[in-house]
Amino acid sequence: MSVPHIGLYYFGALSLVLVGIYGVLVKKNLLKILISLSIVETGVNLLLISVGYITGRSAPILSEGIGPKQAVDPIPQALVLTAIVIGVATTAMALSVAITLYEKYGTLNIEEIRRLRG
Amino acid sequence: MVSVLKRSLAIITLLIIGYWLAQGLAGVPFGQDRMLVGKYYLENVKAQTGAVNAVTAIVVNYRGFDTLGEVTVLFIASTGVGALLWRRKKRRTAKTEGSVVLRTGSELLFPFILMFGTYIFIHGHLTPGGGFPGGATIATAFLILYMAFVDYEIPHRLFEPLEGLAGMGYVLVGLIGLAIGSYFLFDWIWQTWHWGAANLGRLFSGGFIPIIYTLIGLKVGTELSGIVDSMLTEEVRE
Amino acid sequence: MNGQYASLLVALPLISAFFVPLIKGLGGRAIKYYLTLITALQAGVAAWVFKTVYTTGKPIIVMAGGWRPPVGIDLYIGHFAALFVLIVALVSFFMAIFSFDSVSTEPTDKYAMLFLLLMLGATGMIATGDIFNLFVFMEITSITAYALTAYNKTGEAAEAAMKYIVLGGIGSSFFLIGITLIYGSTGTLNMAQLAQLAGSINPTVIKVGLSLLVFGLAVEAELFPLNAWAPDAYQAAPHPVTAMFSAFVVKAGLYALARLVYLFSHAAGWDFILKLLVIMATLTVFAAEFSALRQRDVKRMIAYSSISQVGLIALALSVGSQLGVQAGVFHMINHAVVKTLLFLTVGYVGVKVGGTGIENFSGLGRKMPLTAFALTVGALAAVGIPLFNIFWSKVWIIIASIEQGYAWEAGVVLAASVVEAVYYLRLIHTMWFGGWDGMRIRESLPLGTIALFLVLLILAIGVYPNPFWTLAKSAGTDIFNVSRYIANVPLMGVGP
């Protein structure tokens, strides 16, 4: 078993993913679980962005001295735009479900909800 | 006790997942040039789409299908939130009015925020940004009004049809492409009519990107304000 | 007509869903008619696509924006996609009709939009030829599914939706990390080009990436251990939506799973993924069958039965031979027909009698004879009795697994059938021999027609399986034969 070598940016993004998963697994408050899910999404987006980075290059807007050879990979950035919007949509959906749950059970604690339902 | 057990189980799971992911990532070294399709985009983006911002050209033109899906996802969210929080009669139930600073500030800033949002989505093919950030900025203007005034509500009769119309507009632009250039989402303005070829790098260029981003900006703005509205109003019982 | 018009499969439901806010003033009933009309139109387009693909024998490649793949996104409507897009549209059409009776919760306009977008999402997942576009359509499908699960606005529905959202959120994040890894090592997102480059990818990356993709899709494909949301969601969702989940949403997930796995069949470490899938599928079958035995609610029982059948399909798909994939596709078709019928009839009983608990089915044979008859046929078919359709697909799954040396897989199929027989026969017994409260309920004509049509289809496949088996064979080959898939996509020369 060898320790894999990964860059600092990957390490940061990966840590965010893991922190988020930890929150989803351990937290009992529904809102905290949803925040954790958002953290996972953020981590994934950062990971995607850093995969597209090329050392020493600039943003892929081709004006004033930035030619095709001086720009980073534009695809991951385009994908992340889409992924962010999808994350927002999921969060909005989840929050409205949480509002419904709160109206029905009067709590956001998942154990309480499970107990009230019996 | 239970929670200690749960926590340690969670940490063990995390270690396994983390190790597994790091193994995979180690095979994709950071900062190296691995572009394949990306290089093609960078080399041809100006000639083929008339946009200088490669990211927006990819988002709207090359991979326009994704963006259509993205718009749909946001539409689903606003529809879903509306469906779940639907009440026969709804009213704002905020109790305290915003402070004088907030109220005056929001009224003063409102037109400028709208203008800035519009600026962002119109210049999507030239600068970082585009329809989604622009629309989100516009929605912020309405959010501030909601925070400042207890009885403010967005004009529902205008916003909901506008949201649908903007979405239909996007699909229609795609269908016109199907009719003119025989491909769905074909950039007929740039590739068939060659409009704006002399303006590369200025506002009137970029083929259908500004048009689509305007539609997206309107749609996102109305959608996000609609979501805010659904979440902030509550049922009135009579 | 130009093949590019197949993009209407995506454009039509989309533009119609955006149109709904403009006509919401017309009232719920008008909107339901509108929904029926649009799904019928979609079925028409799908039928045209199906006919074109099967008469020319060539897939339709829709190139969005006129860009050739891998620069643009393509829709690959081959033999599998053409068949299942038609199934998606037909089931949606039937369920739009069923919505007249079964969906009375407001707001109907939002229901119609979500309904259309669920159909759109599944269609897109089946048709797309780009891995990130697959992610987008998967999210369209799952976010509409979250909303529709919670649509009834009861506490149970909200709880089921919440479970689904949390699992789905984790799943989609895993899927995206998988895409990141695979994109990072190839530089492309087009499926055909990925298949071309599969052999040259670093084996660790492909192993990790592909297993992440499998885990991500397992949420939609209802594979153990990520299917905990499914029984609750099936029970809490409105009845037509449950039928749609079972008939095509899960199929879209399974198809995407099989497509991605077989695309990388030249990659090192592929056997590992197949083994992972076999384990997940077997556990799915067992966990679901034994839970089904304990259920007192018929809708939930059929939900568990549906999940276990999904496990069987996944098992057949992960055998790793052409025959296995074909058998899996055949089982997908049969499962779609049978589960649509079962959820339709059970849902109808739920609407008319007032609940789907087993006690409501007592004496149904005399209370609602037509519904009870259709339900009986569906139940017998689900068990896999000869002369009913599922018998044949189960036989083919057994043959395929024995041929590949997985004798125990055949045992799994047989054991599952025995367990199914126990609970389905219990249901049939309750319906025909249970106490009757003397009531007769008038059954609806359109729904009766749909149920009879499905019954006839079940019997037709059961008695003359050959034409349908041929159909399933060409659809299965479409998934299995990757080199033909690559050859069919007009890749432009963007390469290293």
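Which residues in H15(C) meet which residues in H18(C)? This report takes up that question and then turns to another helix pair of chain C and to the interfaces of the chain. The structure is a predicted model.

## Helices H15 and H18 of chain C

On the side of H15(C), the residues of the contact are C:Leu370, C:Phe373, C:Ala374, C:Val377, C:Gly378 and C:Ala381. They meet C:Gly448, C:Ala451, C:Leu452, C:Val455 and C:Ile458, which belong to H18(C).

Helix H15 covers residues 369-383 of chain C, and helix H18 covers residues 445-463 of chain C. The axes of these helices lie 10 Å apart and form an angle of about 30°. Because angles under 35 degrees count as roughly parallel, H15(C) is described as roughly parallel to H18(C). The crossing of H15(C) and H18(C) is left-handed.

## Helices H2 and H3 of chain C

The crossing of H2(C) and H3(C) is left-handed. The contact between H2(C) and H3(C) is made up of 20 nonpolar, six polar and two charged residues.

## The interface of chain C and chain B

How many residues of chain C are in contact with chain B? There are 67 such residues in chain C, and they are in contact with 52 residues of chain B. The size of an interface is often given as the accessible area lost when the parts come together. For chain C and chain B the buried area is about 5,100 Å², and carbon and sulfur atoms give 77% of this area.

Three salt bridges are found across the interface of chain C and chain B. C:Lys110 forms a salt bridge with B:Glu160, and the closest N and O atoms of this pair are 4.0 Å apart.

## The interface of chain A and chain C

Chain A contributes 33 residues to its contact with chain C, and chain C contributes 28. The area buried between chain A and chain C is about 2,600 Å², with 82% of it on carbon and sulfur atoms.

How many salt bridges are counted between chain A and chain C? The count for chain A and chain C is zero.

Technical notes: Residues numbered from 1 in each chain as written. Chains lettered and ligands numbered in written order. Predicted model: local features only at pLDDT ≥ 70, side-chain atom pairs only at ≥ 80, totals over all residues. Heavy atoms only, no water. Left-handed = near helix turned anticlockwise from the far one by under 90°. Helix = DSSP H or I, 4+ residues; strand = E, 2+ residues; numbered from the N terminus. Nonpolar A, V, L, I, M, F, W, Y, C, P; charged D, E, K, R; others polar. Contact = heavy atoms within 4.5 Å. Buried area = accessible area lost by both parts, 1.4 Å probe. Salt bridge = Lys/Arg side-chain N within 4 Å of Asp/Glu carboxyl O. Axes fitted to C-alpha atoms, helices over the stretch in contact; angles between N-to-C directions. Parallel < 35°, antiparallel > 145°, perpendicular 65-115°, else oblique.
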